[in-house]
Amino acid sequence: MIFKVNFKDKAFINHTIMSKKARDHSFCKALCFMNDRCISCTFDTRKSLCHLSDSDHIMHPEHLMETPDSVFWSADNTCKCRQKNMTCRYNFAQNAHRCECPPKSTGENCEMPYILGARNSTPGSSCRAIRDAGDSRGDVEYWVKPVGVKEAFLVTCHMSLLGGSFKRNHDEIS
C-alpha cells in the first residue's frame, strides 16, 4: 500500500470504519495498512486520533472537508467502483479489488434491490425465512433454496398462512 495523496487541513467524513488513538500520521497509515477494509485515513493532529475509511476522495469527493489540524492520506487506488453506493474492497498485496453493494441491494451496479426470494440469484431458504426478512409480497411465487438443496426453485408461498407454507408441483410442503 502506497500513500500517494495527502491533504493538510482536510478530513474525510462519512466512511469511518475505525477510530483509534495514534502517536503520529505514520502510525495512522500503518493502522490503515493492517486493515483490509481501509483505503484512506485522516489523522487529527490536535486529538492524536486516527480515522480509517473504506472509501476515498476519488470515490466520494464530496466527503473531503476542510478541517483544521487534520491530515488526509489516500492510498494509490485503482478501484473501479464508481457507483456512489458501492464500497471498494481492495487487496493491496495482490493489487486487486472487488466492489460490494450495500445491504439490501444487488446487481452489477447495485441498482437492484436485494429482495429475498424475488430472483433465483436471491432465493430464501424457506417461505418463512422470506416472510421473517420482511420481503413478503403476499401469496405469490418466490424462489427458494432449502438447506441441502443444490438449486433454487420457484414455489407459490402462502404468506397469509401461519408459518408461510408453500406449494410446488401439487405437493404441499411446510
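Modeller: Helices (H or I, at least four residues) and strands (E, at least two) are DSSP runs, numbered from the N terminus. The model is a predicted one, in which local features need pLDDT of at least 70, side-chain atom pairs count only at pLDDT 80 or more, and totals for chains, interfaces and linings use all residues. Residues are numbered from 1 along each chain as its sequence is written, and side-chain values use heavy atoms, with hydrogens and water left out.

Colleague: Where is Asn14 placed, then? And why is Asn14 called exposed?

Modeller: Asn14 is in the loop between β1 (3–12) and β2 (16–21). Buried means under 20% relative accessible area, exposed over 50%, and partly exposed in between (1.4 Å probe, protein chains only). Asn14 has 57% relative accessibility and therefore counts as exposed.

Colleague: What makes the phi of Asn14 worth a remark?

Modeller: Most residues other than glycine have a negative phi. Asn14 is not a glycine, yet its phi is positive, at about 75 degrees. Asp69, in strand β5 (residues 64–75), also has a positive phi, near 65 degrees, without being a glycine. Asp69 counts as partly exposed because its relative accessibility is 35%.

Colleague: Why is the pair of Phe7 and Phe72 called stacked?

Modeller: Rings of Phe, Tyr and Trp (its six-membered ring) pair if their centres lie within 6.5 Å; planes under 30 degrees apart count as stacked, over 60 as edge-to-face and the rest as tilted. The whole structure holds two aromatic pairs. For Phe7 and Phe72, the ring centres are 6.1 Å apart and the planes are at 20 degrees, so this pair is stacked. Phe7 lies in strand β1 and Phe72 in strand β5, 65 residues apart.

Colleague: And what makes the pair of Phe12 and Phe72 tilted?

Modeller: The ring centres of Phe12 and Phe72 are 5.6 Å apart with the planes at 35 degrees, so the pair is tilted. Phe7, Phe12 and Phe72 form one aromatic cluster. Phe72 is buried because its relative accessible area is 0%, whereas Phe7, at 29%, counts as partly exposed.

Colleague: How do you know that Cys28 and Cys50 form a disulfide?

Modeller: A disulfide is a pair of cysteine sulfur atoms within 2.5 Å. The sulfur atoms of Cys28 and Cys50 are 2.0 Å apart, so the pair qualifies. The torsion about their S-S bond is about 75 degrees, so the disulfide is right-handed. Cys28 lies in helix α1 (residues 25–34) and Cys50 in strand β4 (residues 49–53), so the link ties together parts that are 22 residues apart in sequence.
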